[in-house]
Every structure is written in structure tokens, then in C-alpha cells.
Amino acid sequence: MNKEAENTKEKTIFGKEKNPSSIVPVKLTLDSKLKFRCHPGVRCFTACCGGIKIVLTPYDILQLTRRLGIPAYEFLHKYTQPTYLEKTDMPGVMIKLREEDNKCPFVTPEGCTVYTDRPSACRYYPVGMADFHEGGTRDADGNENTSQEEKFFFTVKEDHCKGFEEDKEWTVREWRADQGVDVRDEMNKEWLRLVMRRKSFGIQATLSEQAKRMFFMASTDIATFRKFVFESSFLDTYELDEETIQKIKDDDVELMLFSFKYLAATLFGAQAIKIKEEKIKAKVAEMKARQDETVLQSIKEYEELKAETERKKAETGVEKK
Ligand code: SF4
Ligand code: SF4
């Protein structure tokens, strides 16, 4: 059994709990009350940091690499392993648990060593948000119709988690603010939307290997994506204003948000980034030339066939069928 299969639990980032039996079947709003507290004094402290699947979002990777002061490729190699996102063919990464105890590499008996930069999934636990419809409707441009989204919250109550026995009471809104999940929601939103949109196409549709590679690179390694933008023909191909170019040049977060738009454009044909007019014209001219070539070729073949038929007719005196 591989490590991923061993990790039966998953802290969700996709608004859908992987262990449905632990979901409390009550829809919560931002004003709903919740009794919960997690602190070093609880009997189960760090129990939820082992035997678990924690999928990382691009923003998680950005924050963790900054925190650890290492480049993305080193972080990916040391602390992650590949996975597929939400049973799609989109490649992503999850935290690689320690061989010796099957726990997160960042946990110690004293708690999380990257706490202020911990991944989104760790922040959402144990209050999930159902936000993204798998079969969401789309407008004429193929963009998901967000107005149809129904948002609600739910709690995940697992036997080992004693935080629910604590006295502290919050509203869901207060809990989310305390955990810093609003910022994460904002940062992860468009990326999660890409995955859910992909999922809504079903398993019959497959991404090309090139598209998968691009999705993985843009989602996990912003430095390489920056090279791709600034050291290839990218800027000659796409219409980007000076302000955007400056923003994505200097700011990793802006570049990350831009990469989601680029992925939406290349994977789903969304109109957020446009190809330059002259590039489209050149492509159309190329296609037309190719088409013209095909027509010329057919005419040539027809003329050859006609000449051949005439020749045979002259030889035998009859038209060959
Ligand atoms: S990142 Fe921190 S909070 Fe999340 S599982 Fe690891 S140790 Fe626990
Ligand atoms: S199991 Fe619950 S209470 Fe215990 S450490 Fe994890 S979140 Fe906190």
C-alpha cells in the first residue's frame, strides 16, 4: 500500500470533506455558534497532524518556502509528494509525512513549527466551507457562474479531537478570522475554481501532458513560472499592459494570481488574458496558407487523375472505370 493510501484522513481545502461520517450534518452560517478550542493543553494536542493527507495550494507553497527560506524545488523535493487533485488528472502535491512516525514533518511535541504559515487545510480544520459546486454552471465564455454558488459551513468532528469539549465559544465568523482563513480563501479561490471546473468535466476529458506540466509548474514553483513569463516569447504573444507587467515582475503573490488567469485561459479558454491581435492574424494567415496548400494539392491530384484517365482512354479507346 502506498503512503497516500495509508493516509486515510484528509484535511480538506476543496469544501468537501473526505470522511463524510465525521461531518456534523448541520449547515452553519457565519453567525452560527461553535464551541471549540485547540491549544497545547488539550489531551489530543497534535493528534490531527499525523496519518493525514494535506494537499498544498500555490499560496501555501509560497508562504512555506518563504518561511523556510528555501527555493520551491528544494521544498517540493524535501517536504512533498505528488498527488492528483480531487480525483482529476490535475497534478498537485501533498505534504510528505515522516517515514518514522507517519506525521507531518513540521510537527513537534510542542506543536506546529510553521504555525503562522501553516497550510490552508490546517487552518480550515475543523470548520469546512462548502463553496464550489462540482457541476457548476458556466457562462458563454466558459467561466463558472459564481452567482449560483451556495456557501455554507460545516464542522468536522472526529473522535480523537477533544477541542469540542472545551468551553470557548465563537461564531464561525470569529473562528475564521482567528485562523486567518479569509486571506487564504481569497488567495486560493481562483486556483480551487480551476480544479473544480476540471472536475466538472468528468474523467472522460483528459488534459494533454503539456497542459498538465504547465499546471503543475505554475501551481508549485513561482520562480520557474516567472522565468517562463519573462524569458520566453510569452510577452510577445499575450496582451499585457505595463502596469500588470511591473506588478507580476516584482511581486510573487501578484504573479501567482496572474498564473491562475493564464491557466484559466490556456486550460479552459477563459478570456482573462488575450493573445495579441497580430499573433492571431499571423496564425489565421498560416492556417489559410495551409488550407490554400491543401486546395492546390487537391486540384493538382485531380488534374493528374484526369490526365491519367485521358491517357488510358487514348491507349485502349475506352474510359477506364
Ligand atoms: S503544518 Fe502544522 S498544523 Fe499542519 S499538519 Fe503540519 S504540524 Fe500540523
Ligand atoms: S485533534 Fe482537535 S483539539 Fe486536538 S490538536 Fe487537533 S484540532 Fe486541536
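A residue is counted as buried if 20 or more other C-beta atoms lie within 10 Å of its own, as exposed if 12 or fewer do, and as partly exposed in between, with C-beta atoms placed from the backbone. The structure is a predicted model, in which local features need pLDDT of at least 70 and side-chain atom pairs count only at pLDDT 80 or more, while totals for chains, interfaces and linings use all residues. Residues are numbered from 1 along each chain as its sequence is written, and chains are lettered from A and ligands numbered from 1 in the order in which they are written.

The protein chain contains 12 helices and 12 strands; helices (H or I, at least four residues) and strands (E, at least two) are DSSP runs, numbered from the N terminus. Of its 321 residues, 28% count as buried. Two residues are in contact if their C-beta atoms, placed from the backbone, lie within 7 Å. Among the contacts in the protein chain with a separation of 6 or more, 76% are between residues 24 or more positions apart.

Two ligand surroundings were examined. A residue is near a molecule if its C-beta atom, placed from the backbone, lies within 6 Å of it. By this criterion, the residues around ligand 1 are Cys-49, Ile-54, Cys-104, Phe-106, Val-107, Cys-112, Val-114, Arg-118, Pro-119 and Cys-122. For the classes, Ala, Val, Leu, Ile, Met, Phe, Trp, Tyr, Cys and Pro count as nonpolar, Asp, Glu, Lys and Arg as charged, and the others, Gly among them, as polar. The shell around ligand 1 has nine nonpolar residues, no polar residues and one charged residue. Ligand 2 is surrounded by Cys-38, Val-42, Cys-44, Phe-45, Thr-46, Ala-47, Cys-48, His-160, Cys-161, Lys-162 and Gly-163. Its shell divides into seven nonpolar, three polar and one charged residues.

Tyr-79 belongs to helix 3 (residues 72–79). This residue is buried, because 22 other C-beta atoms lie within 10 Å. When residues up to four places away in sequence are not counted, Tyr-79 touches Ile-95, Lys-96 and Pro-105. Of these, Pro-105 is 26 residues from Tyr-79 in sequence, and the two are 7.2 Å apart in space, C-alpha to C-alpha.

Several loop residues have backbone features of note. Glu-86 is not a glycine but has a positive phi of about 50 degrees. Glu-86 is placed in the loop between strand 4 (80–84) and strand 5 (91–95), and counts as buried because 20 other C-beta atoms lie within 10 Å. Asn-102, also not a glycine, has a positive phi of about 60 degrees. The loop between strand 5 and strand 6 (107–108) holds Asn-102, which is partly exposed, with 13 other C-beta atoms within 10 Å. A cis peptide bond, with omega about 0 degrees, joins Tyr-125 and Pro-126. Pro-126 lies in the loop between helix 4 (120–124) and strand 8 (127–130).

Helix 6 (residues 181–200) bends by about 50 degrees at Asn-188, where the bend is the angle between axes fitted to the seven residues ending at a residue and the seven starting there. Buried residues in helix 6 include Asn-188, Trp-191 and Leu-194. The buried residues of this helix pack against helix 2 (58–68), helix 4, helix 7 (209–220) and helix 11 (252–268). Gly-202, with a positive phi near 80 degrees, follows helix 6.

Helix 11 also takes part in two further helix pairs. Axes are lines fitted to C-alpha atoms, for helices over the stretch in contact, and angles run from 0 to 180 degrees between N-to-C directions. Angles under 35 degrees count as roughly parallel, over 145 as roughly antiparallel, 65 to 115 as roughly perpendicular and the rest as oblique. Helix 7 and helix 11 pack at an angle of about 170 degrees, with their axes 10 Å apart. Helix 7 is therefore roughly antiparallel to helix 11. By class, their contact has seven nonpolar, two polar and no charged residues. In this pair, Ala-211, Met-214, Phe-215 and Ala-218 of helix 7 meet Ser-259, Tyr-262, Leu-263, Thr-266 and Leu-267 of helix 11.

The axes of helix 8 (residues 222–230) and helix 11 come within 10 Å and cross at roughly 70 degrees, so these two helices are roughly perpendicular to each other. Ile-222, Phe-225 and Arg-226 of helix 8 meet Asp-252, Leu-255, Met-256 and Ser-259 of helix 11. That contact has four nonpolar, one polar and two charged residues.
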